[in-house]
Amino acid sequence: MFENLTYLQLQQYWWIIISLLGGIFAFMMFIQGGQTLLDKISQGDETLKTMLINSLGRKWELGFTTLVLFGGALFAAFPLFYSTSFGGAYWVWMGILFCFILQAVSYEFRTKPNNFFGQKTYEIFLYINGSLGVFLLGVAIATFFSGSEFYIDERNFSYWQNSLRGLEALSNPFNVLLGISLLFLVRISAAMYFINNIDNILIKKRSINSIKIDMIVFLVFFLNFLYMLFTRSGFSYDKNAHIFIEKYKYLNNFIDMPFVGLLFILGIILVIISVFNTVEKQKSCCIKTGGVGIVLTVMALFLNVGFNGTSYYPSLYNLQSSLTIENSSGSEYTLVVMSYVSLMVPFVIAYIAYAWFQMDKVKITKEEIMSKDAHNY
């Protein structure tokens with residue numbers, strides 16, 4: 001089956017998979033968003049905070065599963081990106097990794113008897129993961145469009161050309177805009193998740209109030225990000241693999257690939273509808289609509305930066321060192337073998353959906369928390 005595909009088709013197939021997994025992971029980061037809302041929504045009520053943490057604790061391992069799928073697929077299909085970015089911009093990636101380690105440790109040890117640090121310390125760790133971790137991840141993803149300073153020689157050895165080792169991305173307003181946009185987007189989806197998952201009037205009211213503020217902040221930063229994206233020059237390559245600068249490249253990509261553009265617009269519309277129905281119509285099921293919207297929007301952005309002769313990881317130091325899906329992928333044999341393995345991806349996604357459904361059969365209530373020694377994550 002996959003043997004009949006051309007090398008380019010295999011590369012495109014894997015970029016589609018990575019784009020889909022990236023979208024799903026962006027949605028699953030509502031867990032991180034929820035961690036930044038614990039104090040805001042509970043307002044000092046420890047019972048409410050326990051309900052919120054238990055709600056997130058049901059799902060955080062599913063989020064890790066998605067992260068492993070996304071990172072593993074990217075590493076296996078496009079190893080040159082991994083060696084270039086992770087080997088060069090390691091301070092940013094180490095910061096992201098450290099934040100996710102804090103999350104895992106916190107859910108494991110927060111409620112352990114006689115823990116050394118105390119619950120409050122682990123709650124601070126959760127906040128760091130939800131805020132700094134998400135922001136840095138958004139900044140790192142933005143470099144797919146804005147580029148980084150590296151050089152790749154004829155042996156595919158990469159050399160980072162900035163002593164800040166990835167932290168220089170924080171000085172680019174374009175990158176910061178996406179980082180902040182992602183942070184407030186996951187806070188919005190987290191609030192919708194709480195409304196759907198927890199049966200409590202106070203939590204619902206405060207979550208709605210949180211969405212009202214966060215949506216305004218998100219729109220301000222995201223619209224500015226889109227303006228800079230659509231008006232900036234991008235990095236194209238021709239049939240001879242020659243990299244060159246093209247004006248309005250990312251806007252042109254949506255125009256040249258109308259299906260991708262429609263996915264992007266549909267995703268944004270679904271997010272807006274989910275927010276409107278949550279705030280104005282007091283609906284509690286909008287996390288599903290908003291989740292689909294987030295997946296489609298992020299997936300479309302990945303497709304935009306990877307297809308239509310576009311360099312998905314541009315080099316600002318040496319233009320011809322820029323990475324494309326054609327010059328950074330594994331061998332044709334590797335992609336064929338991996339493509340058969342990829343047939344397992346739907347089963348993993350189905351497992352996540354099934355586990356989600358089973359966990360949400362019964363909503364979390366205040367009475368449940370107070371009446372028994374509920375399992376805290």
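Buried residues have under 20% relative accessible area, exposed ones over 50%, and partly exposed ones fall in between, using a 1.4 Å probe and the protein chains only. By that rule, E123 and R110 are both buried. Please keep in mind that this is a predicted model, in which local features need pLDDT of at least 70 and side-chain atom pairs count only at pLDDT 80 or more, while totals for chains, interfaces and linings use all residues. Residues are numbered from 1 along each chain as its sequence is written, and side-chain values use heavy atoms, with hydrogens and water left out.

A salt bridge here is a side-chain nitrogen of Lys or Arg within 4 Å of a carboxyl oxygen of Asp or Glu, and helices (H or I, at least four residues) and strands (E, at least two) are DSSP runs numbered from the N terminus.

The structure holds seven salt bridges. Another of them joins D39 to K120, whose closest N and O atoms are 3.8 Å apart. D39 lies in helix α3 (residues 38-42) and K120 in helix α8 (residues 119-146), so this pair ties together parts that are 81 residues apart in sequence. D39 is partly exposed, at 45% relative accessible area, and K120 is partly exposed too, at 46%. A network of salt bridges links D39, K49, R110, K120 and E123. There is also a salt bridge between E246 and K249, with 3.6 Å between the closest N and O atoms. Here E246 is partly exposed at 21% relative accessible area, whereas K249 is buried at 2%.

Now to the helix pairs. Two packed helices are described by the angle between their axes and the distance between the axes. Axes are lines fitted to C-alpha atoms, for helices over the stretch in contact, and angles run from 0 to 180 degrees between N-to-C directions. The axes of α12 (residues 258-279) and α13 (residues 286-306) come within 7 Å and cross at roughly 155°. That makes the two helices, α12 and α13, roughly antiparallel (angles under 35 degrees count as roughly parallel, over 145 as roughly antiparallel, 65 to 115 as roughly perpendicular and the rest as oblique). L263 sits in α12 and is buried, at 13% relative accessibility. Its C-alpha is 6.0 Å from that of A300, although L263 and A300 are 37 residues apart in sequence.

For α9 (173-197) and α10 (residues 201-231), the axes come within 8 Å and cross at roughly 155°. These helices, α9 and α10, are therefore also roughly antiparallel to each other.

A241 is not a glycine, yet has a positive phi of about 65°. A241 is in the loop between β4 (234-237) and β5 (243-246), and is exposed at 51% relative accessibility. N308, likewise not a glycine, has a positive phi of about 60°. This residue, N308, lies in the loop between α13 and α14 (332-341) and is partly exposed, at 34% relative accessibility.
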